Amino acid sequence: MERFQVGFRFLPTEEELLNGYLTSKVLGYADGCAIPELDDFYAWDPWDLPGLYQQISNIPSDGLDWYFFCPSPYLAQNSERVKRQTRSGKWKITCQKDEIKARDTKVLIGTKRILVFNKGRAKTGWVMHEYHLNPKLLHGYSSTFQIPYILCRLKRKPSESLDISPSFEGGSSVTYDTPVASQRELTEDSNQESSFQEIVESLLPFQRLDDNLPDYNSYGSFQPQPHLYDEGQGGIFW
């Protein structure tokens, strides 16, 4: 990675992110851009992304912000359904979309949506800003769902530790065919079936019982016997 002077920061404004970087990416002019592209962004846990960013970006991070181009995450056209679940949790929307307007002309250039990563039911210090272009400013696009790219800004609160062991190595384990939760359930079910099969095989083979079973009715019933007190106290005790 190229060495930068101390104090260098890559902190573009929201207008620059939309009008400059994201528009250029959608129009195909983002070759050599400082912001890297990550196809399966939503499949990674947030604490794994900073290390990945260092491998695919030529611009260092300040340790609190990271930027990524992401292919459109919508599951279907004309639908706002987005799969944002990872192996350890999911991204949860915290507010409605915020409009972003050009500073000089006040023209709507895009929207921003803020999300927080939840690990189970607990909120973490990882936050994401999703940036979407206004399709009316792009030729050939009639809706937000048709725009091929969005821009994601990953943010880490200072209280959130960056020293977290990766959830998995060698890339995301999420496929396009099977959801994360389903893959985990399939793995657990397979392990349980394997353990059950080993237990069954370890048991002794079943033996068939003969028809000549003993007749328990032929045995005499139990008859209690009286107990005499010692030392001649007389009487009996049942």
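pLDDT is the predictor's confidence in each residue, from 0 to 100. This is a predicted model, in which local features need pLDDT of at least 70 and side-chain atom pairs count only at pLDDT 80 or more, while totals for chains, interfaces and linings use all residues. Residues are numbered from 1 along each chain as its sequence is written, and side-chain values use heavy atoms, with hydrogens and water left out.

Over residues 164–194 pLDDT stays under 50; the model has 37 contacts (heavy atoms within 4.5 Å) beyond four places in sequence for this stretch. Where pLDDT is low, the predicted coordinates should not be read in detail. Other confidence values are tabulated here.

| Part | pLDDT value |
|---|---|
| Protein | mean of 75 |
| Strand β3 | mean of 96 (highest) |
| Strand β8 (residues 236–237) | mean of 44 (lowest) |

The protein has three helices and eight strands, taken as DSSP runs numbered from the N terminus (helices H or I, at least four residues; strands E, at least two). Their order along the sequence is α-α-β-β-β-β-β-β-α-β-β. Of the 238 residues, 34% are buried, that is, under 20% relative accessible area with a 1.4 Å probe, protein chains only.

Helix α1 (residues 14–27) has 14 residues and spans 18 Å between its first and last C-alpha, close to the 20 Å expected at 1.5 Å a residue, where the expected span is 1.5 Å times one less than the number of residues. Its buried residues are Leu17, Leu18, Leu22, Thr23, Lys25 and Val26. These pack against β1 (65–71), β3 (98–101), β4 (108–119), β5 (122–133) and β6 (149–156). Glycine 28 follows α1 and has a positive phi, near 85°.

Terms used:
Buried means under 20% relative accessible area, exposed over 50%, partly exposed in between (1.4 Å probe, protein chains only).
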